[in-house]
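Me: Please take a close look at a single part of this model. I would like one connected account in plain terms.

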Amino acid sequence: MTAQATGASIEPSDEPTSLFLRACHRLPTERTPVWLLRQAGRYLPQYRALRGRYSMLDLIRTPELAAQVTLLPVDAFQLDAAIIFADILPPLIGMGLELDFVPGDGPRIANPIRSTSAVDMLGVPPAAETLPGTLEAIRMVRAKLERRRIPVIGFAGAPFTLASYAIEGGTSRHFTRTKAFMLSEPAAWKRLLTKLVTVQADYLLAQADAGAGALQVFDSWAGRALNRQDYLRYVAPSNRALFAVVARAGVPVINFSLGVAPYLADAAGCGGDVVGLDWQLPLDEAWATVGLGRPVQGNLDPASLLAPWPELRHRIDEVLDRAGARPGHVFNVGHGLVPETPVDNVRRLVEHVAARTAT
Ligand code: CP3
């Protein structure tokens, strides 16, 4: 599927000037654009200081604070996109799940789904009602960054990934309960994923309405949990449905499905304009698999930022070399930056990508 096929097609007269958006349309850029997953996270001392004073949910729900955190890395480094400070899980709160982020333990849901009737109790409220803080934060960041031509990326989780949190009650290693539910209650599974598609599609469209210049869908766990046959049967239909609706947003949509190397073409085939690549395959091989006609984003292993600079530089160069001179590459890490990441390595990475790719 090309950009033309999914609604992000553009006329030459309104070609974007942002490097990131140009790359999302496979237009030539004067250098390779770069932004980083979890660029506004715990590796930043200013973020840790704010987290000392506010809970995760307070940071997300207070537009001024969410906007402030979003801008931290964009003001510190020459990044080409901001990603709104939020999380994939708060939409579950509006559906009726009691979510909290427990320090040292990650996300926790106090009333996880353990029955088919619990699926039928879930609501599907609009994002404007349940996530107004994030939508307002997007408007604020957009107003701040418009002059600098830095777009703000909105995002949401894909149905399987959210279903796994709703059923397990937290991050899972083996997805045992999720898979048991999926296999034992296929009808209720379908109803659950359909509700999640409704909520996530509305949330993504609302973020684009609020001013997000691009949208990213995170499917973090389907590839980790399922083989190809189960992915195609239990996950792909709802991902396709989600991308089909979100194509109406009129902004580029990034399909970032982690751990899907064994069936990357199937996962990318679910939709989205740009394919986000995790760090498992060499970039050139992954790009050939999804099709050279589609823009890609990625795919440095975030652990590379824990290496001494010469090794990190070598690994950045390898990603850039494998991307080559073809338009349509957004440099990024292939999963989120870890809290131990030295701030200096982020600065050096961003500077090096710019210096190495400037034409
Ligand atoms: O900078 C950014 O990337 C934007 C903000 C963002 C966060 N989470 C903030 C966050 C984004 C895009 C996410 C996505 C997210 N959240 C995913 C998909 C990407 C991925 O990592 O696979 C997932 C699975 C989640 C769920 C989640 N949120 C977990 C498992 C955790 C705990 C583990 C961890 O990494 O800390 C969170 C918490 C979270 N979300 C933090 C941040 C900055 C750390 C919270 C803290 O300060 O304590």
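Reply: Buried means under 20% relative accessible area, exposed over 50%, and partly exposed in between, with a 1.4 Å probe and protein chains only. By that rule Asn 299 is buried, because its relative accessible area is 5%. This is a predicted model, in which local features need pLDDT of at least 70, side-chain atom pairs count only at pLDDT 80 or more, and totals for chains, interfaces and linings use all residues. Residues are numbered from 1 along each chain as its sequence is written, and side-chain values use heavy atoms, with hydrogens and water left out.

Asn 299 lies in strand S8, residues 296–300 (a strand is a DSSP run of E, at least two residues, numbered from the N terminus). Contact means heavy atoms within 4.5 Å. Leaving out residues up to four places away in sequence, Asn 299 touches Leu 277, Asp 278, Trp 279, Leu 281, Pro 282, Leu 283, Val 319, Asn 332, Val 333 and Gly 334. With Leu 281 there is a further detail: a polar atom of the Asn 299 side chain lies 2.8 Å from the backbone oxygen of Leu 281.

Leu 281 also lines the largest cavity, as do Leu 277 and Asp 278. A cavity is a set of points, on a 1 Å grid over the protein atoms alone, where a 1.4 Å probe fits but cannot get out; lining residues have an atom within 4 Å of a point. The largest cavity holds about 60 Å³ of space, the volume being the space filled by probe spheres set on the points, which are joined across faces, edges and corners.

Conventions:
Helices (H or I, at least four residues) and strands (E, at least two) are DSSP runs, numbered from the N terminus. A polar contact is a pair of N or O atoms within 3.5 Å; within protein, one must be able to donate a hydrogen and the other to accept it, and residues adjacent in sequence count only if both atoms are side-chain atoms. On a 1 Å grid over the protein atoms alone, a cavity is a set of points where a 1.4 Å probe fits but cannot get out, and a pocket is an open set with protein on both sides within 12 Å along at least five of seven lines; lining residues have an atom within 4 Å of a point.
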